[in-house]
Amino acid sequence: MTNMRSDIRFLLGNEERRIENIDPQTTVLNYLRLDEHKCGTKEGCAEGDCGACTVVLGEVDETVPGAMRYRTVNACIQFVPTLDGKQLLTVEHLKSADGSLHPVQQAMVDTHGSQCGFCTPGFVMSLYKIWLDGGEDDRGAINDALAGNLCRCTGYGPIIEAARASGGAGINDVVEQSRRKDVADRLKGLVGEGGGLEITHPRGRYFAPRSSDKLAQILVTHPDAIILAGGTDVGLWVTKHLKRLDPIVYIGDVADLKSVEVRDGDVHIGAGATYSDAHGALGDIAADLGELVRRIGSRQIRNAGTLGGNIANGSPIGDTPPALIALGARLVLRMGDVRREIPLEDFFITYGKQDRAKGEFVEKIIVPKPAGSSQFRAWKISKRFDQDITAVLGAFAITLENGAVSDIRIAFGGMAGTPMRAKKCEAAIIGQPWTDETLNTARLALADDFKPMTDMRASGEYRMLVAQNLLTKLYIETTQPGVATRLVGKAVSHG
Amino acid sequence: MGETREILAPTTGLNGGVRSASKHDSGPKHVTGEAVYIDDIVEPYGTLHLAPGAATIAHGRITRLDLSKVRSAPGVVCVLTADDIPGANDVSPAHTHDEPVLPDGIVQFYGQPVFCVAAETREQARAATKLAEIEYEELPAILSIDDAMAQKSYVAEPHVMKRGDSASALASAPHRHAARMVIGGQDHFYLEGHISFAIPQEDGDVFIHCSTQHPSEVQHNIANVLGRPANAVTVEVRRMGGGFGGKETQSMQWAALAAIVAVKTGRPAKMRLDRDDDMIMTGKRHDFVIDYDIGFDDDGRICGADIQFAANCGFSADLSSAIADRAMFHTDNAYYLGDVEIRSYRCKTNLVSNTAFRGFGGPQGMVAIERIIDEIALTLGLDPLDVRIANYYGGEGRNITPYYMTVEDSVLPELTRDLLKSSDYRARRAEIEAFNAQSPVIKRGIAITPVKFGISFTTTFLNQAGALVHVYQDGSVHLNHGGTEMGQGLFIKVAQVVAEEFQIDLDNIKITATNTGKVPNTSATAASSGADMNGMAARNAARTIKERLVAFASNHYGVDATAIHFLPGRVRVGDKADISFAELVKMAYLGRVSLSATGYYATPKIHYDRETASGRPFYYFAYGMACSEVMIDTLTGENRVTRVDILHDVGQSLNPAIDRGQVEGGFIQGMGWLTTEELWWDDSGRIRTHAPSTYKIPACSDRPDDFRLELWSSGRNVEKTIHRSKAVGEPPLMLAISVHRAIAHAVASVAGHKIVPALDTPATPEAVLKAVARLAATSAVAVANSASATGTAGNDKVPAASGAGMVGVGAPQAGV
């Protein structure tokens, strides 16, 4: 095992940075504004929900020689050490040396896409990512790319127009490709073949191993460590709850945890894979699963957040667990060299408590391919369609034979202290003819499964009623295919 | 100099005069991150960072305030409490003396700042606030409008507007309808939160960069808090990252704290609120409860109305009196109400003090009357649009508002005609009915609503503005005025006015930060009046200089003044000279002519007697109309807007691109208020929607795919406003009421348009599902009753929902 480094190495635009002696929980946003005095990137909320701090991260694409991968993230909840080995691009880097605006910047000016201008740098960076990918004309895809950027002034029209008007980097643009190859080479040279990062700072320690074996070893030594993946939850512990995290063990650089593989139709998702990484494979399992992933957070959040984190933090309103439970997903946990595999639903013991021992970590999630005749449906109910936290999430895997329900798995989020199966409801349905009467019985049974709470997202009454109505929706969709039942989600886009 | 000629198109040869679609002056700086907001200003050495420490109860007496651990925390330099305020402990904007900088003994809402920490870093200041030990003796808290009404808890006296005998009119009306509507508040969610940055000056003076729409009031309040004269305080605002009314009065407290620390320590002091603190500690749009009783005839014409408003003002008065008044002024929206009585109660509660928000109470008044019109239509089985048209202000006898102002400038008949045609409303409404008949789960709805919005501050003395224009020797111009730039494009519009006046290209004009040292005693940039008033003041300043230049040229060349013309980029002096503006300026300078002038403007014609609730509070009205189409999911209550057609009257636009941005952005913001934006407090009076994770403003995909916006081409202000334009900041927000009404239309389809949906705001999925469930249950009862009467069994296969206390719709058509 190569020794771990203590300096954080990355490119800020095209300038090399080697940073030592930084508090490892310094956010990228604070680093940019306070240390680099680059104040173009704004703080709007410090929780990854408004997008004013959007920056683009570039990483070497290991699958294509000389290629780079780019993604947008929220700088306000990313910690500086996670920049190691990457290129950080901000709104300051887009203008040409001769002072001319980048095409996305020019388009924003031309379409009157800025009013107060405070959200604008973040939008520019999301548009820049669209541009890097070759441009986009489709409204749905533009919505998805911009869902994580809030604008309170324009009503978005001019910004959508700018997205369409700015075009994109040509796939065969020789200059652009050569620029990317140059960056990739520099990044490789910068970090070399090292064994990751180990930072010891008076305010906290930080480990970023590069292999799961090393990760397992570190966690055995530091069983109380905070495991950091995308930081889309942990980041808020720092910015909102002012917590000290020590030590932090970052799994985002663990190469073998980032894989998304299909084996015998089952999808094996490493705990370090982001939602964006897993989106395509999950969408292939079931259209509704893909649509569900599309509606998790925003593009910036999906580019950072992981399925593993969504599960491991045990939130009762995490979006993936109910769907994965309905699909019969399994979890692989590891401590040291010992692995165990459990049904996902068994992982959630009660609110705030999961079946994970100290020093143990979620290694991967296995999502089985649904059996041939099984149908999967999932609905996320929230106040806003995009980038909202769920009030109720209902997920259903149903198998019908000769008009009767031979099998059904139902799981809900937002209805209890953990993501949970509706077992009484399932029992009321299995083996019954799929009729109005069974539906009625099932609706009533649901009220025995859950006693949902009232909070700012929804009342307990509404949650129960919607959960019951989702059963009805399932019934209609599986028995009357001609009936329109959805306002969103008919088309599933990946990204 | 007389009234200028009217200009119907941009002046040929002039780059950036009025009516040109000039780009926002800060556009290139916004997109590169080079635009400097207050938090981006390079900090002088020694800058301190402030953080507020919040109360954790809604109402109570502080019995112990131990800040010793706060004071000894790392990096802490000083900690302020009420005892540390050198002058008056008061930042109330309307001289009500009910809003302390920091409370002296009594906490009045959950989250109220009790103390303030100044530390070397912001992180240290925030961390230290958590170390306070505070004990309270809790007092009863009033947390709802109903409780406040029951206890007669008010921040100001109730107010009444009355015309005729509403009781008799109601008693004799052919039809009568009474109901209650609950209207939610709204957080401004400007992307830049509140920030103040105070830099100490000599003599104990202070210079403050403040994100405020009202620099003069910040100046006067801070002077008062410091116990100093106004000339000891200078406030500057280059730009805000959004305002929307939220920075009209709510900046005071933060500016005061920063100023106190700066003066006390001799170090620069910056107070930037965290988003959560901003949403917890600053006021919002008032939520209202409205009770109404309406009498109307067979055509849906209103003949009598009794309308009672109760506004949740929070713990202090702030601007609530004027806001509640404006709700009353807009109770009528576009309609003649017959004999009417409007009562308004300004409720005092133990919640954050509510404040100005785009529309300033007007939207709440209008959303109620628009629901009322729909309910009349539903009762009579008419198309709501026809009921709207029947009630429009008309000629003699039907053109007096409840506050006795004659409506002289209505363009709604023409706007209605044009929008009906461009939106194809009638055919689409019929098509939607057909769709709904065959779609059991998804229902569609459509509605047209008008906007008539009064322009002027209803507090008459506020309708004044000042400007300062310098012309330098090279012909370049320095422009300053009392209006503030919060993104709305005020600076570019006023610069266009000056460019037009001098006939010079826009890029010769330097737009400068609003500064109380340059133009004093200004009014807030509010009430949509920014361009109307500051544009006029700047034009007057430019004209003063122009008159001097004309007099100089006339004398110098021996040419009659009437033969001197300012043409694009040059000045023609009879047949004696044709020179550039810069050449004339240089000559005038050498001829010892003053090239600097102030300009002033006071809005004419307006007067209002609040005692009798009568007069002409508004110089004119701004008009617009919108047609919105929506879809709802009757199983979940989810809803979305699918098409919008807008026709809006901005008079003769100063800048059509900027105006379109205001209309479009205002509409989407109004749509958010009426749909997804829900404020939610728990039982302890603590707001739980205090961040974008829990408070949902519209996102990109919420903008309807099909959005058709036109500035009304026939628009022209009948009053002599700046280049006959109309104010555009607030009115478009209320175009979004059409969305709410369209949702109600879709909901009503569930019961065959026989039952009033009684939809409140915001129309969240929960609110819509509740309305749908109530209608489905009511109509199911009606069906069951009629079925049993005829002896036939209902074929209603509704799975009986059992949501505790809530009747489920459960798709009545399921299984059909």
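Over which residues of chain B does pLDDT stay under 50, with seven contacts beyond four places in sequence? Select residues 1-7 of chain B, which are that stretch. Here pLDDT is the predictor's confidence in each residue, from 0 to 100, and two residues are in contact if their C-beta atoms, placed from the backbone, lie within 7 Å.

This is a predicted model, in which local features need pLDDT of at least 70 and side-chain atom pairs count only at pLDDT 80 or more, while totals for chains, interfaces and linings use all residues. Residues are numbered from 1 along each chain as its sequence is written, and chains are lettered from A and ligands numbered from 1 in the order in which they are written.

**Confidence**

Colour chain B by pLDDT: the average is 94, and 95% of the residues score at least 70. Residues 789-816 of chain B have a pLDDT below 50, with 73 contacts in the model beyond near neighbours in sequence. In chain A the average is 95, and 98% of the residues score at least 70. Residues 491-495 of chain A stay under 50, with 18 contacts beyond four places in sequence. Where pLDDT is low, the predicted coordinates should not be read in detail. For the complex, the predictor gives an ipTM of 0.97 and a pTM of 0.96.

**The interface**

Next, display both chains: 82 residues of chain B are in contact with 75 residues of chain A. On the side of chain B that touches chain A, α17(B) provides the largest share, seven residues. Helices are DSSP runs of H or I with at least four residues, and strands are runs of E with at least two, numbered from the N terminus. By class, this side of chain B has 34 nonpolar, 28 polar and 20 charged residues. Ala, Val, Leu, Ile, Met, Phe, Trp, Tyr, Cys and Pro count as nonpolar, Asp, Glu, Lys and Arg as charged, and the others, Gly among them, as polar.

**The nonpolar cores**

Select B:Leu50, B:Ile208, B:Ala258, B:Ala259 and B:Val747, which touch the most other members of the largest nonpolar core, a set of 359 residues. Such a core consists of buried Ala, Val, Leu, Ile, Met, Phe, Trp, Tyr and Cys residues joined through C-beta atoms within 7 Å; buried means that 20 or more other C-beta atoms lie within 10 Å of a residue's own, with C-beta atoms placed from the backbone. Helix α7 (residues 252-265) of chain B gives this core its largest share, 11 residues. Apart from this core lies another of 45 residues, including B:Val471 and B:Leu479.

**A hairpin in chain B**

Move to β17 (residues 464-471) and β18 (residues 477-481) of chain B: five bridges join these antiparallel strands, where pairing requires that DSSP find at least two bridges. B:Ala467 has B:His481 as its bridge partner in β18(B). Five residues separate the strands of this hairpin, and B:Gly475 in the turn has a positive phi of about 90 degrees. β18(B) also pairs with β19 (residues 509-511) of chain B, in the parallel sense over three bridges; B:Leu479 is partnered there by B:Ile511. Four of the five residues of β18(B) are buried, so this strand is largely enclosed by the rest of the structure.

**A helix in chain A**

Finally, select α3 (residues 120-132) of chain A. All 13 of the 13 residues of α3(A) are buried, so this helix is largely enclosed by the rest of the structure. Just after α3(A), A:Gly134 takes a positive phi of about 105 degrees.

Note on methods. A residue is buried if 20 or more other C-beta atoms lie within 10 Å of its own, exposed if 12 or fewer, and partly exposed in between; C-beta atoms are placed from the backbone. The expected span of a helix is 1.5 Å times one less than its number of residues.
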